[in-house]
Amino acid sequence: MPESFVILNAAAIQRALTRIAHEIAERNENGAAVVLVGIPEIGDGLAHRLSAILSEIWRLPVPVGILDVTMHRDDLDHRLAPKVHPTVIPFDVTGKTVVLVDDVLFSGRTTRAAMDALNDFGRPKKIQLAVLIDRGHRELPIKADFVGKNVPTALSEKVRVRLDLPQREDEVVLEK
Amino acid sequence: MSWHRKHLLDTESLSAAEIITVLDTARAFKAVGERLIKKVPALRGKTVVNLFIEPSTRTRISFELAAQRLSADIVNFSADASSFKKGETLKDTARNLEALNADFIIIRHSASGAAHFLSRVLNAHVINAGDGAHEHPTQALLDAFTIREKKGKIAGLNVTILGEILYSSVARSNIWALTKLGADVTLCGPSTLVPKTFEQMGCRVTYDVEEAIREADIINLLRIQHERQRKTMFPGISEYTTLFGLTQARLALTKPDALIMHPGPINRGVEIDSEIADSGRSLILEQVTNGLAVRMAALFLVNGGQGPQEVAGN
């Protein structure tokens, strides 16, 4: 059994999302121009939670899309075929500020794939990045605009985000 | 999610979990086809060869588009315009294509076992696009995908396969796939083309067409393959239509939500009444759309390397 530590519990996750939502609102004056796009499997759940908080702040609905990035990954030859999820973007991204939402920012390759995938749906005015955890070890020149928690990690460690699982508290865990 | 295979050769050896993985993956690829930009870079730089020793235009085009939508390059090879006529063997032909750095060989051949044979002599990924009377796995997978999409499930459904079974690769692949997913499969057709021995595959055989279709949720019609048929199998086309054709009168006996499938090409007025083929009960064109998504999924899955499936570090 690997050793594991809880980095964020359910309440801390919700507090971090509330803060991120306020930072998104501070950065983007015009809420009507903002859409959220979550990256499965966890990012879409986070995006829906952010949308709920932002809708209260702006007093308008904030649309949420789901963007599968696996078909755009650069490591498809080096691994078993990853699980793919249907992409659902029920709005036009052209001219919008798209906030990409992911659970963990690590190498930056998922974010690169996401920006690539988003291109096929239109030309956003801006793309911003919100992540629950930034664990470092970037391999590409990518930086998050909104971070729930910075967690210094070793390469061998794993960060697991558990969200909306049946009979399980939400939590973020670091596995040694 | 489970897929560790380098090739897709049959449905007989697939587990239910592997079949579900293909269907789930295909769902995401179907959505790609509905976009303005119907292309993703997953197989960019890869080369796919359609090695069609037996002609099958719709299957070839489906694989061709599937490869193109994954950004692969594709070459079509057909037997009539090739060195085959000059006496080259299948093995030599395939190894020549591999020497051109083909990454995927899609093989269609009239000989059962052709795809398995190639998978043993090549390093490339091999996908079976129909090997004689043996298997046609992507057709069965697209049929299962279509059934699941329309009915929301497969387990517990009554699926009747009506028509020529004996020479049909589609029938065998469908029986393996659907029974693994928990469907109750019934076969029906002329006794010369539907031997009782098929019951060993876990399905039921009947020669009473009305009984076969009455409780069916899905009726999958298979074409009478004139090209594979010896003349002695049944007296004639019009007798086939009289005894086994899906006519309006027979359709009236079925459950109101029973849906009609057919892998094509359809013979209007033979195995299916023309109006039924064009009606809301028919899934024939949706099968074609879904076939493209399933073939994209098949190419994507077999392409997977040996590393971990999990996205690094998360």
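Reader: What percentage of the 176 residues in chain A is made up of buried residues?

Author: Buried residues account for 44% of them. Keep in mind that this is a predicted model.

Reader: What radius of gyration does chain A have, and what would a compact globule have?

Author: Chain A has 16 Å, and a compact globule with 176 residues would have a value near 16 Å, so the two agree. Along the principal axes, the C-alpha atoms of chain A fill a box of roughly 45 × 40 × 30 Å.

Reader: What share of the contacts in chain A comes from residues 24 or more positions apart?

Author: They make up 69%, counted among contacts with a separation of 6 or more.

Reader: How many helices and strands in chain A?

Author: Three helices and eight strands. Along the sequence the pattern reads β-α-β-α-β-β-α-β-β-β-β.

Reader: Take the sheet with five strands. What is the strand order, and is the pairing parallel or antiparallel?

Author: In chain A the order is β3-β2-β4-β5-β6, an open sheet with parallel pairing. Its edges are β3 (64–66) and β6 (146–150) of chain A; each has a single partner strand, so one side of each is left without a neighbour in the sheet. From one strand to the next, the twist averages 25 degrees.

Reader: How many bridges between β5 and β6 of chain A?

Author: Four, in the parallel sense, with β5 covering residues 126–134 of chain A. A:Asp134 has A:Asn150 in β6(A) as its bridge partner.

Reader: Which strands does helix α2 of chain A touch?

Author: Helix α2 (residues 43–58) of chain A packs on that sheet and touches β2 (34–38), β3, β4 (97–105) and β5 of chain A. The direction of α2 makes about 155 degrees with that of β2(A). Helix α3 (residues 109–119) of chain A also packs on the sheet, touching β2, β4 and β5 of chain A. For α3, the angle with the direction of β4(A) is about 150 degrees.

Reader: Now the sheet of three strands in chain A. What order?

Author: β1-β8-β7, open, with antiparallel pairing. β1 (4–9) and β7 of chain A are at the edges with a single partner strand each, so one side of each lacks a neighbour in the sheet. Neighbouring strands are turned by 25 degrees against each other on average, direction ignored.

Reader: How many bridges join β7 and β8 there, and what packs on the sheet?

Author: β7(A) and strand β8 (residues 171–175) of chain A pair over five bridges. Within that pair, A:Val159 stands opposite A:Leu174 in β8(A). Helix α1 (residues 10–27) of chain A packs on the sheet, touching β1 and β8 of chain A, and its direction makes about 45 degrees with that of β1(A).

Reader: Switching to the interface. How many residues of chain A are in contact with chain B?

Author: 23 residues of chain A, against 24 residues of chain B. The elements of chain A giving two or more residues to that side are β4 and β7 (158–162). By class, the chain A side has 10 nonpolar, six polar and seven charged residues.

Reader: How many residues of strand β3 of chain B are buried?

Author: Six of its six residues, 104–109. B:Phe104, B:Ile106 and B:Arg108 lie on one side, with B:Ile105, B:Ile107 and B:His109 on the other.

Reader: Which strands pair with β3(B)?

Author: One is β1 (residues 47–52) of chain B, parallel over five bridges, where B:Phe52 stands opposite B:Arg108. Another is β4 (residues 125–131) of chain B, parallel and also joined by five bridges. There B:His109 stands opposite B:Asp131.

Reader: Last one: why does B:Ala140 count as buried?

Author: Because it has 27 C-beta neighbours inside 10 Å, and 20 or more is the cut-off for buried. B:Ala140 is in helix α5 of chain B. Leaving aside neighbours within four places in sequence, B:Ala140 is in contact with B:Thr11, B:Val170, B:Ser173, B:Asn174 and B:Ala177.

Terms used
Residues are numbered from 1 along each chain as its sequence is written. Chains are lettered from A and ligands numbered from 1 in the order in which they are written. This is a predicted model: local features need pLDDT of at least 70, side-chain atom pairs count only at pLDDT 80 or more; totals for chains, interfaces and linings use all residues. The radius of gyration is taken over C-alpha atoms; the globule rule is 2.2 Å times the number of residues to the power 0.38. A residue is buried if 20 or more other C-beta atoms lie within 10 Å of its own, exposed if 12 or fewer, and partly exposed in between; C-beta atoms are placed from the backbone. Two residues are in contact if their C-beta atoms, placed from the backbone, lie within 7 Å. Two strands pair if DSSP finds at least two bridges between them. Axes are lines fitted to C-alpha atoms, for helices over the stretch in contact, and angles run from 0 to 180 degrees between N-to-C directions. Ala, Val, Leu, Ile, Met, Phe, Trp, Tyr, Cys and Pro count as nonpolar, Asp, Glu, Lys and Arg as charged, and the others, Gly among them, as polar.
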